[in-house]
Amino acid sequence: MHALPFSCYRPQPKEAPEFAALPYDVFDRAQAKDYVERHPKSFLAIDRPETAFGPDQDMYAPEVYAKAKELLNARIADHTLIPDGKKCYYLYRLQQDGRSQTGIVCACAVDDFLDGTIKRHENTRPEKEQDRIDHIEALGAQTGPVFLAYHDEPVLDLILSAAMSGEALYDFVDEEGVHETVWRIAREDAIGAISAMLERIPCAYIADGHHRAASAVKVALAKRKAHPDASPDAPYNFILSVLFPANQLTILPYNRVVQDACGLDEEELLEKIAAQGFTVSEGTPEPPELAGRHTFGLFHAGSWHLLTYAPADAEEQDPVASLDCSILQDHILGPVLGIQDPRTDSRIRFVGGIEGTKALEGYAGGEGVAFSLYPTSMDELMGVADAGLLMPPKSTWFEPKLRSGLFIRPLNGIPADLAY
């Protein structure tokens, strides 16, 4: 892999806790507006600039992206953000609920995304891509890192552990209770050691940020076309990323709620599910404990049931068909509940596992049907990507989320003499 140190704007340490924000796509429009009103200096005001306008404003209009640039310039002018022209790596550790993951913040080559060295497992939507393309072009910068995973590399772990013995650049607990710590790696020997180890990593996987990655790639391709004689080391030929060892990552389930039972009463619903090859337990008031893959919780009409499925050999050998979210879609959501396209059907709602199974009862109400799933594993994700296949929508929920705004990477670079 080609994963390089980079120069950036970054918040002053005292400003980082207030400025850093959850990714733009975890908020709907009303939630983003409310958050920015309560945190006006948060990076979310720049990431979701429509929050500066009224509810009838077209959130994709040119003046909205111009507002993002205006706000970014204001944060530079008031020294919330400071320029650092020294090309550095950063180590980014997140600790939550007794779990810890430490990633390398770097600039990964666009060509690694294009040739499959960095592998994807999801499709992207053109309108979401275009939003981030317009955002990158308006700011002239990449602001939200792509979340990548790589197969564990013990020697690299030792190098990173030594680098974390120094004083942290940022060290704070965010609003979600995640302890966030960042170290700046500026010594040439440390940069060289990390760079050499990253060159040994054969591939990486997009864990989260497919739209950010696709948008940055398209911006780079457009600039290559406009500037055919530019250096291959031009900043736009690299993408702001964070690389984490796969064994440190936590995937939570991505649960489903359907707003109605497609005209079926409880007995009919359970009979049709059983006819699809599921073992259905007696109903209980409490959600069942899911022991492993191919087990599901079903909530309907005030009761929970444990569903257990035994896939056929051919199904189990298929890296996509054997995913629990595929089994649920192929055998219940589609044939029983009439959800043929979960990407577009307004009857289905996806609920991140961070909300817990009890929340599903409220979303289902008296008429709906909720399903709790066992979380997809990193091995399953990497198996799908290695096969060159795509996962169904909403297959994984990674937690904790990476904060945006800690590293803002200009596409024109920063003069090297502006180094800290």
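Helices (H or I, at least four residues) and strands (E, at least two) are runs assigned by DSSP, and their numbers count from the N terminus. Please keep in mind that the model you are looking at is predicted.

You will find H79 in the loop between α4 and β3 (81–96).

## A six-stranded sheet

Now look for the open sheet of six strands. Its order is β14-β16-β15-β18-β13-β17, and the pairing is antiparallel. Which strands stand at the edges? They are β14 (278–280) and β17 (348–352); each has a single partner strand, so one side of each is left without a neighbour in the sheet. From one strand to the next, the twist averages 25 degrees.

In general, the strands of a sheet pair through backbone hydrogen bonds, in a parallel or an antiparallel way. Here, β13 (residues 254–258) and β17 are paired in the antiparallel sense over five bridges.

## Two helix pairs

Helix α7 (residues 154–163) and helix α8 (residues 188–200) have axes that come within 10 Å and cross at roughly 160 degrees. An angle over 145 degrees counts as roughly antiparallel, and α7 and α8 are therefore roughly antiparallel to each other. The crossing of α7 past α8 is left-handed. On the α7 side, the contact is made by V155, L156, I159 and L160, and on the α8 side by A193, I194, M197 and L198. What classes do the residues of this contact fall into? Eight are nonpolar, with no polar and no charged residues.

The axes of helix α4 (residues 62–77) and helix α6 (residues 126–139) come within 9 Å, crossing at roughly 40 degrees. That angle makes α4 oblique to α6, and the crossing of these two helices is right-handed. Here Y65, A68, K69 and L72 of α4 meet D131, D134, H135, A138 and L139 of α6. The contact of α4 with α6 has five nonpolar, one polar and three charged residues.

## Aromatic pairs and a cis bond

A pair of aromatic rings is described by the distance between the centres and the angle between the planes. This model has 13 aromatic pairs. One of them is F278 with Y309, a tilted pair with 4.8 Å from centre to centre and 40 degrees between the planes. F278 belongs to strand β14 and Y309 to strand β16, so the pair links distant parts of the chain, 31 residues apart.

Where does P400 lie? It is in the loop between β19 (397–398) and β20 (409–410). The peptide bond that joins E399 and P400 is cis, with omega at about 5 degrees.

Note on methods. Residues are numbered from 1 along each chain as its sequence is written. This is a predicted model: local features need pLDDT of at least 70, side-chain atom pairs count only at pLDDT 80 or more; totals for chains, interfaces and linings use all residues. Side-chain values use heavy atoms; hydrogens and water are left out. Two strands pair if DSSP finds at least two bridges between them. Axes are lines fitted to C-alpha atoms, for helices over the stretch in contact, and angles run from 0 to 180 degrees between N-to-C directions. Angles under 35 degrees count as roughly parallel, over 145 as roughly antiparallel, 65 to 115 as roughly perpendicular and the rest as oblique. A crossing is left-handed if the near helix is turned anticlockwise from the far one by less than a right angle, and right-handed if clockwise. Contact means heavy atoms within 4.5 Å. Ala, Val, Leu, Ile, Met, Phe, Trp, Tyr, Cys and Pro count as nonpolar, Asp, Glu, Lys and Arg as charged, and the others, Gly among them, as polar. Rings of Phe, Tyr and Trp (its six-membered ring) pair if their centres lie within 6.5 Å; planes under 30 degrees apart count as stacked, over 60 as edge-to-face and the rest as tilted.
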